[in-house]
Amino acid sequence: MNIKINRIDDQTWSVEDQGVRFFLLTGTEKGLLIDSGMTTKNARQIAESLTDLPLQLVNTHADIDHIAGNDTFDTAFMNPAEYVNYFQRGAVHPTPTPVWDGDVIDLGNRPLRVITQPGHTPGSIALLDINRRVLFSADSIQNGEIFLFGPMRDLIGYRQSLDKVWAHRSEYDLIYPSHADLPLKPDIIPELMAGMDQILAGEASYQSGDKFGVPIKIYDMGTAVFLCDQAALL
């Protein structure tokens with residue numbers, strides 16, 4: 001297992017897990033894992049090596065590369081719109097605890113506001129680290145490959161979610177995604193919007209390809225690469 005732990009600041013760590021990234025955040029009272037990795041069944045053990053605080057877990061969404069270490073927790077915060085994805089993955093433990101748009105998870109002088117951003121998956125969320133002015137954006141805002149193919153992906157919903165998170169622009173200075181480069185500046189969001197507008201209007205060029213044996217359209221928009229269903233937007 002090729003795992004790399006990076007200390008971002010005195011209360012924030014990222015764990016790199018074969019192209020997927022999850023985070024440990026601490027406050028004065030609690031620690032929080034944002035996702036639990038792709039191969040890291042010992043995500044909790046990694047977190048406990050970095051903090052003595054009681055640990056909680058939040059899943060930004062339930063794709064398999066974000067829930068590997070879930071089983072060692074009693075519960076995971078998750079938006080209820082994501083339950084269908086979570087249970088279709090065969091997950092039975094831990095039982096999710098619902099978080100809704102606008103909810104705040106407070107770690108002790110470190111409040112994190114939930115921002116729902118459906119599209120990549122039905123219940124995808126971002127977390128706004130209010131005091132530090134950082135947006136943990138999961139998969140939806142990044143400069144790598146953004147998966148928008150397969151069951152439960154929604155291109156129009158994704159585009160609307162970009163509008164929503166951009167409406168909070170005055171509240172964050174940096175973006176910490178779960179894939180590709182970290183950190184990002186917020187000006188990536190209008191670039192993603194423009195790319196999606198071209199795709200939805202049928203004006204973007206693409207290459208045909210496949211991912212995990214699934215035929216897809218590959219839209220390389222420069223800022224990011226959108227991977228969409230072959231049948232989408234014919």
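Which residues meet in a salt bridge of 3.1 Å, N to O? In this predicted model, the side chains of R44 and E48 do so. Both residues lie in helix α1, which covers residues 43-48, and they are four residues apart, about one turn of the helix. R44 is partly exposed, with a relative accessible area of 24%. E48 also counts as partly exposed, at 42% relative accessibility. Side chains of opposite charge can pair when their charged atoms come close.

The structure holds 12 salt bridges. One of them joins D10 and R132, whose closest N and O atoms are 4.0 Å apart. This pair links distant parts of the chain, since 122 residues separate the two partners. D10 is in the loop between β1 (3-9) and β2 (12-17), while R132 is in the loop between β10 (125-129) and β11 (134-138). D10 is exposed, with a relative accessible area of 52%. The value for R132 is 30%, and R132 is therefore partly exposed.

A further salt bridge is formed by R153 and D63, with 3.2 Å between the closest N and O atoms. Here too the pair links distant parts of the chain, with the partners 90 residues apart. R153 lies in the loop between β12 (145-148) and α3 (155-166), and D63 lies in the loop between β5 (55-58) and β6. Both R153 and D63 are buried. Elsewhere, salt bridges that share partners join D9, D10 and R132 into one network.

D63 is also among the residues touched by E82. E82 is located in the loop between β6 (75-78) and α2 (83-88). Its relative accessible area is 0%, so E82 is buried. Beyond four places in sequence, E82 touches H61, A62, D63, T121, P122, G123 and S124. With T121, the side chain of E82 makes a polar contact of 2.8 Å.

T121 has a polar contact with S124 as well, joining the two side chains at 2.6 Å. S124 is placed in the loop between β9 (111-116) and β10. With a relative accessible area of 2%, S124 is buried. When residues up to four places away in sequence are left out, S124 touches T60, H61, E82, I115, T116, Q117, P118 and S140. Between S124 and M38 the C-alpha to C-alpha distance is 17 Å, and the two residues are 86 apart in sequence.

The strands β12, β16, β15 and β14 form an open sheet of four strands, in the order β12-β16-β15-β14 and with mixed pairing. At the edges are β12 and β14 (207-211), each of which pairs on one side only. From one strand to the next, the twist averages 35°. Strands of a sheet pair through backbone hydrogen bonds, either parallel or antiparallel. Strand β15 (residues 214-220) and strand β16 (residues 225-229) run antiparallel and are joined by five bridges. Within this pairing, I216 stands opposite D229 in β16. Helix α4 (residues 188-200) lies across β12, β15 and β16, and runs at about 35° to β16.

Helix α4 also contributes to the largest nonpolar core, which has 25 residues. In soluble globular proteins, nonpolar side chains tend to be buried together. Of the members of this core, L135, I141, L192 and F226 touch the most other members. At least two residues of the core come from each of β10, β12, α3, α4 and β16. The most is given by α4, with six residues.

The contacts of I141 can be listed in detail. Leaving aside neighbours within four places in sequence, I141 is in contact with Q117, L135, L162, V165, I175, P177, L184, I188, I189 and L192.

Notes. Residues numbered from 1 in each chain as written. Predicted model: local features only at pLDDT ≥ 70, side-chain atom pairs only at ≥ 80, totals over all residues. Heavy atoms only, no water. Buried < 20%, exposed > 50% of the residue type's maximum accessible area, 1.4 Å probe, protein only. Polar contact = N/O pair within 3.5 Å; in protein donor to acceptor, adjacent residues only side chain to side chain. Contact = heavy atoms within 4.5 Å. Pairing = 2+ DSSP bridges. Axes fitted to C-alpha atoms, helices over the stretch in contact; angles between N-to-C directions. Core = buried A, V, L, I, M, F, W, Y, C linked by side-chain atoms within 4.5 Å.
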